[in-house]
Amino acid sequence: MSNQDKAGDARFAWKTWAVIVAVVVLAGVSAYIVTVFVMQQSSSFADPHLHHDHEHDHDHDEPTSNAASQFPPRKLRYAWHETDPNDQDAPSLPEGMPDDSIYVTLTGEYSQWLLGTPVEIAIPQIDKTYKSVVDRIVPDEFGNTSIYAKPEAGEKEFQQLIVTFGKAQTFAYVATTEGSFEFHGTDEAGWLTPTSSMGQHIDYSKPDVAETRRDRHANTKYVPRRED
């Protein structure tokens, strides 16, 4: 074989390997592109709501209707405490008060109650304690504040608590499925009484003051007008 033939064979062999390498490279690139495309399509079809869910993730952060869940955790508070019957400082039942009235002491914490505060309400007359949550606080122009509490989630027998307190006096009303109760006292203590017993000492045979009419001019003497 001549030198020219050998040179021709070498050039042919080099071109052949160049073509093979080029084909292999193109095949690899094509395979990579196809693989990436397939993976992207697979991920997009795997969960068609994925993008939608991310757009609405903030909806799950909205507070629920439960008053306690709308606020940071609050310290448990108590409406009042029943006074120990053996406490020598406890006053005797005042004249005119219903016999089923019970003396209770206040915690002095009403000013610390906040929206969402859990409150336990003890009713000694029926030996029950109810769970509530503060959902409204209303101050007035006279320096008094009214606090409203609704039933805690799952509480079926309690209905409402209203506490109005000022510098010297405190009033409260508790509504339950077993009746309502009222508290009247100072800023430190007072008497808790069933509403059904509040009128037992009222003499209904006498006319109500609101229905009594009086002519405030009946005894007025007429004085003639002076001409001078």
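1. The chain has two helices and ten strands. Helices here are DSSP runs of H or I with at least four residues, strands are runs of E with at least two, and both are numbered from the N terminus. Going along the sequence, the pattern reads α-α-β-β-β-β-β-β-β-β-β-β.

2. A quick word on the ground rules: this is a predicted model, where local features need pLDDT of at least 70 and side-chain atom pairs count only at pLDDT 80 or more, while totals for chains, interfaces and linings use all residues. Residues are numbered from 1 along each chain as its sequence is written, and side-chain values use heavy atoms, leaving out hydrogens and water.

3. Now have a look at strand S3, residues 102-105.

4. Who are the partners of S3? Strand S2 (residues 81-82) pairs with S3 in the antiparallel sense over two bridges, and His81 stands opposite Thr105. S3 also pairs with strand S10 (residues 189-194), antiparallel over four bridges; there, Tyr103 has Trp191 as its bridge partner. Pairing requires at least two bridges found by DSSP between the strands.

5. Asp127 sits in the loop between strand S4 (118-123) and strand S5 (128-139). Its phi is near 55°, a positive value in a residue other than glycine. Most residues other than glycine have a negative phi. Asp127 is exposed, with a relative accessible area of 71%.

Conventions. Buried means under 20% relative accessible area, exposed over 50%, partly exposed in between (1.4 Å probe, protein chains only).
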